[in-house]
Amino acid sequence: MAEPNNREVYRASTYAPVNIAVIKYWGKRNTTLNLPTNSSLSVTLSQDDLRTHTTASCSSSFTDDTLSLNGSPQDISGARTQACLRELRQLRKDVEAQEPQAPKLADMKLQIVSENNFPTAAGLASSAAGFAALVRAVADLYHLPASPTDLSRIARQGSGSACRSLMGGYVAWEKGKQDDGSDSLAYEVAPANHWPEMKALVLVASAEKKDVSSTAGMQQTVASSTLFEHRAKEVVPKRMKAMEKAIHDRDFAAFATLTMKDSNNFHACNLDTDPPIFYMNDVSRAAVRMCEAINFSYDRLICAYTFDAGPNAVIYYLDDHENEVAGTFKELVGGVKGWEGKRGAAVKDGAKLPEGTEVVAEILKKGISRVILTGVGDGPRRTEDQLC
């Protein structure tokens with residue numbers, strides 16, 4: 001869309017969501033194309049709570065491609081970003097070849113501005129939302145007729161898990177078999193409205209940048225962990241089928257069991273790496289113990305923890321159990337940021353802590369700096385709110 005006062009500038013903006021995997025992606029069979037060693041499955045979280053906002057602009061007056069994140073210039077020359085832009089520009093050239101009167105946007109330089117409303121590089125899937133937003137914004141700018149599945153192939157090359165953030169609800173990423181990555185795509189397992197009761201509580205144990213990046217960690221694990229090979233070949237394929245069934249059946253007990261087992265297995269592979277990788281910390285482990293205690297006290301699974309490549313806990317539960325789950329953590333860390341707002345205020349604290357949790361309760365009180373209340377949500381949204 002051209003600005004009234006400068007018709008050589010074209011802009012499009014989008015919001016893109018974070019997704020948190022319940023069957024984890026870890027390891028690459030092709031590092032250049034970001035082809036995974038195993039399939040994965042995630043829950044797309046609500047953009048009202050966690051999102052990247054990206055504006056893509058192009059103009060014949062721009063002299064260079066530029067990228068800014070949260071007000072800071074970023075290196076746009078990296079192979080991952082360039083792979084995404086190259087593919088998107090080629091698709092735009094295909095459009096221009098079919099429509100001779102269309103503006104020659106593919107030859108113009110791009111200015112991309114992004115903002116996250118959550119900590120970056122701290123294990124909250126910032127790269128997934130970031131590359132999904134970049135690809136979706138540029139695709140909208142170029143008026144590409146590509147589907148989310150088509151765009152997932154492009155976003156995957158920027159950040160593997162970004163392919164899942166191009167769709168809402170419950171999303172799988174098929175690892176694929178082709179060497180060129182043409183069949184390594186995301187697909188929707190179920191839309192958000194299939195199981196809208198799914199909620200999530202994020203416990204931010206650290207907003208600091210992690211000391212071992214996901215990219216480096218994956219390479220180390222693939223190269224040295226014998227447990228990882230078993231995970232990729234035997235464990236994940238069975239869990240993918242079981243998780244899809246749990247989602248289709250809206251079976252929270254099965255969902256919770258698979259989610260926690262897969263998180264544990266993923267981090268066990270990191271510990272089996274040489275040298276071992278420690279993404280979880282004492283606060284993370286305290287969150288695990290508290291979830292186990294909550295489930296034990298109710299004699300059934302009402303919450304499920306999972307940890308990506310970072311210390312922050314994501315705890316899934318159904319909205320019927322908001323007070324039992326979120327209320328327990330509010331009793332512990334009700335003074336930190338994140339409880340403000342209608343939903344947070346409605347969560348009842350004062351819940352009786354499960355027996356035997358005094359030590360982990362103190363660790364959580366000292367170690368949690370912020371909470372985020374969220375739930376399953378939709379895919380990227382186009383917006384007229386432009387970043388400059």
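Is aspartate 249 buried, exposed or partly exposed? In this predicted model, aspartate 249 is partly exposed, with a relative accessible area of 44%. Its side chain meets that of lysine 245 in a salt bridge, with an N to O distance of 2.7 Å. Both residues belong to helix α5 (residues 226–249), where they stand four residues apart, about one turn of the helix. Lysine 245 is exposed, at a relative accessible area of 52%.

The chain is divided into two domains, domain 1 (10–191) and domain 2 (198–375). Their C-alpha centres are separated by 26 Å, and the contact takes 34 residues from domain 1 and 47 residues from domain 2. Between them, the two domains bury about 3300 Å², of which 68% lies on carbon and sulfur atoms. On the side of domain 1, the residues that lose the most area to domain 2 are Ile23, Lys24 and Trp26, which together account for 26% of what that side buries. One salt bridge is found across the interface of domain 1 and domain 2. Lysine 24 also forms a salt bridge with aspartate 308, in which the closest N and O atoms are 2.5 Å apart.

The largest nonpolar core contains 68 residues, and Phe255 and Tyr316 touch the most other members. Helix α7 (residues 282–298) supplies the largest share of this core, seven residues. At least three residues of the core come from each of domain 1 and domain 2. A second, separate core holds 32 residues, including Leu88, Leu110, Ala139 and Leu141. Serine 284 is also found in helix α7. This serine is buried, with a relative accessible area of 1%. Beyond its neighbours within four places in sequence, serine 284 is in contact with Phe307 and Pro311.

Helix α10 (residues 358–367) has buried residues at Val360, Ala361, Leu364 and Gly367. These residues lie on the same side of α10, because they cover an arc of only 145 degrees around the axis. Glu358, Val359 and Lys366 are exposed on the other side of the helix. The packing partners of the buried residues of α10 are β13 (198–204), α7 and α8 (322–333). About one helical turn separates glutamate 362 from lysine 365, because they are three residues apart in α10. Glutamate 362 is partly exposed at 39% relative accessible area, and lysine 365 is partly exposed at 40%. Elsewhere, salt bridges that share partners join Asp48, Asp378 and Arg381 into one network.

In total, 15 salt bridges are counted. One of them pairs glutamate 87 with arginine 153, the closest N and O atoms being 3.0 Å apart. This pair links distant parts of the chain, with glutamate 87 in helix α1 (residues 79–98) and arginine 153 in helix α3 (residues 148–158), 66 residues apart. Glutamate 87 is partly exposed, at 23% relative accessibility, and arginine 153 is partly exposed, at 25%.

Isoleucine 372 is located in strand β16 (residues 370–375). Its relative accessibility is 6%, so isoleucine 372 counts as buried. Although 323 residues separate isoleucine 372 from aspartate 49 in sequence, their C-alpha atoms are 7.3 Å apart in space. Not counting residues up to four places away in sequence, isoleucine 372 touches Asp49, Leu50, Ala200, Leu201, Val202 and Val204.

Terms used:
Residues are numbered from 1 along each chain as its sequence is written. This is a predicted model: local features need pLDDT of at least 70, side-chain atom pairs count only at pLDDT 80 or more; totals for chains, interfaces and linings use all residues. Side-chain values use heavy atoms; hydrogens and water are left out. A nonpolar core is a set of buried Ala, Val, Leu, Ile, Met, Phe, Trp, Tyr and Cys residues joined through side-chain atoms within 4.5 Å. Buried means under 20% relative accessible area, exposed over 50%, partly exposed in between (1.4 Å probe, protein chains only). Helices (H or I, at least four residues) and strands (E, at least two) are DSSP runs, numbered from the N terminus. Domain bounds come from an automatic or database domain assignment. Contact means heavy atoms within 4.5 Å. The arc is that of the directions from the helix axis to the C-beta atoms. Buried area is the accessible area (1.4 Å probe) that two parts lose on being put together, summed over both. A salt bridge is a side-chain nitrogen of Lys or Arg within 4 Å of a carboxyl oxygen of Asp or Glu.
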